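Take a look at the structure, then work through them with me.

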Amino acid sequence: MHSFPLFLLTALSIFLMTAQSSAQQASQQRYTKIPAGYLMVLRQGDDVFAEIEKLAIKQKIPSATLAGMGFVNARFGFFNFKTKEYDPKEFEDVEMASMTGSIAWQDGKPSLHCHGVITGKDFRAYGGHLLGATVSTGSLEITFTVHDKLLERTMEQPLGANVLQLKD
Amino acid sequence: MHSFPLFLLTALSIFLMTAQSSAQQASQQRYTKIPAGYLMVLRQGDDVFAEIEKLAIKQKIPSATLAGMGFVNARFGFFNFKTKEYDPKEFEDVEMASMTGSIAWQDGKPSLHCHGVITGKDFRAYGGHLLGATVSTGSLEITFTVHDKLLERTMEQPLGANVLQLKD
Amino acid sequence: MHSFPLFLLTALSIFLMTAQSSAQQASQQRYTKIPAGYLMVLRQGDDVFAEIEKLAIKQKIPSATLAGMGFVNARFGFFNFKTKEYDPKEFEDVEMASMTGSIAWQDGKPSLHCHGVITGKDFRAYGGHLLGATVSTGSLEITFTVHDKLLERTMEQPLGANVLQLKD
């Protein structure tokens, strides 16, 4: 045994630790059931929209309203009616002071619509329509109030905007 | 038939199209029942406070908390303790990044108290006490969590502010 | 009776009025039960975090999400990763345009995590992680959505942040 190279042992240790860490992150419980719907806690590096979509698909959420807060990197977009595209702006390492949105469905996939307000170290607030976000050095807590109706979002013309369609 | 004046036909067409459009807007379903209370979707031109008041009256909502987001024209007011009036400011075509409020009753009428945060194309956030809003080129989604107690708002003196009155 | 000193009567009156006022403030009902959890209304001078903690303890709230709005003096802090402390900033007599947070437990005591957005008379928005707040000339309405699971917040290392721990 004394002839077993040290560097191989070290490499093995690092490999095992990394594998364990990845497995922990992958298996990390990201939400729990509550009477109102679900409570989600995301951690550093998590892709916010991807995790919400996974929840919607796995738990077959018909539709839901969400409210959240945490510490994030966020990308906002303001719709430009001339170019018909969102003019984007990114903010890194900021408090998500408020996040409000809804889950519906479109073309068989979850359709998120989220707005947010972020603040940095000068405490000034920015925000609007959220195009995406990842969790920064902290966490993000989101509460989902789940509804009992399968709701769709559809593009309405000539408005040119996706609108949540209600039904009785 | 060939002697039937074209301008009359045109006028008739426009009249029918307008009537149909108005009927659609009037009959447009603006809310649906959910376990927590009601989910509302307002569209371009809708008067936000008027629609919330209609919901409160028609559904006899004893009291409720609301949360919303969308695209609006909004009018905010900051209370001036000298003049005892709200100094107003309007914002056109802005994202409603967050809207938080409550429904109670006062003098037999629905009493709304709403705060909001809006952002424009520079993503800077403004807001406060909402005096009124209409939906701009987009929609406004509002979730109402309905309570089981009939609550009143009353003017408290010497504070000079309307305050939600609780009861067991 | 005519020999009874007037100043003593005056002092007695003032004492009784003050005592009554304090008793009113102490006995003032600050929350009521609603289907979703609790609805709280705080008034001028109330310490927001202290009142939420009292509610959590008295009603044995296992965990909850909160949403609020009102008129406050607020103290925000932005976490400084070098000093490992919050750089604070205070805002007096401002609208709380949005307040979002959660209640959990840590070391047997309620653990609050609240974010907020405030606006002053120029309507500009500021905010972030709330370190504390008192109600100013107005009120503060907070709705608590109560969950059925006893949740803890624990300090996670090397992150150096308190994170809400979920469980099935």
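What follows is a pair of exercises on two interfaces, each with its solution.

Before starting: this is a predicted model, where local features need pLDDT of at least 70 and side-chain atom pairs count only at pLDDT 80 or more, while totals for chains, interfaces and linings use all residues. Residues are numbered from 1 along each chain as its sequence is written, chains are lettered from A in the order in which they are written, and side-chain values use heavy atoms, with hydrogens and water left out.

**Exercise 1.** Describe the contact between chain C and chain B.

*Step 1.* Count residues: chain C brings 35 and chain B brings 40, contact meaning heavy atoms within 4.5 Å.

*Step 2.* Get the area: about 2,800 Å² is buried, with 65% from carbon and sulfur atoms. Buried area is the accessible area (1.4 Å probe) that two parts lose on being put together, summed over both. On chain C's side, M69(C), E95(C) and F123(C) supply 24%.

*Step 3.* Look for salt bridges (a side-chain nitrogen of Lys or Arg within 4 Å of a carboxyl oxygen of Asp or Glu). There are two; R43(C) pairs with E156(B), with the closest N and O atoms 2.6 Å apart.
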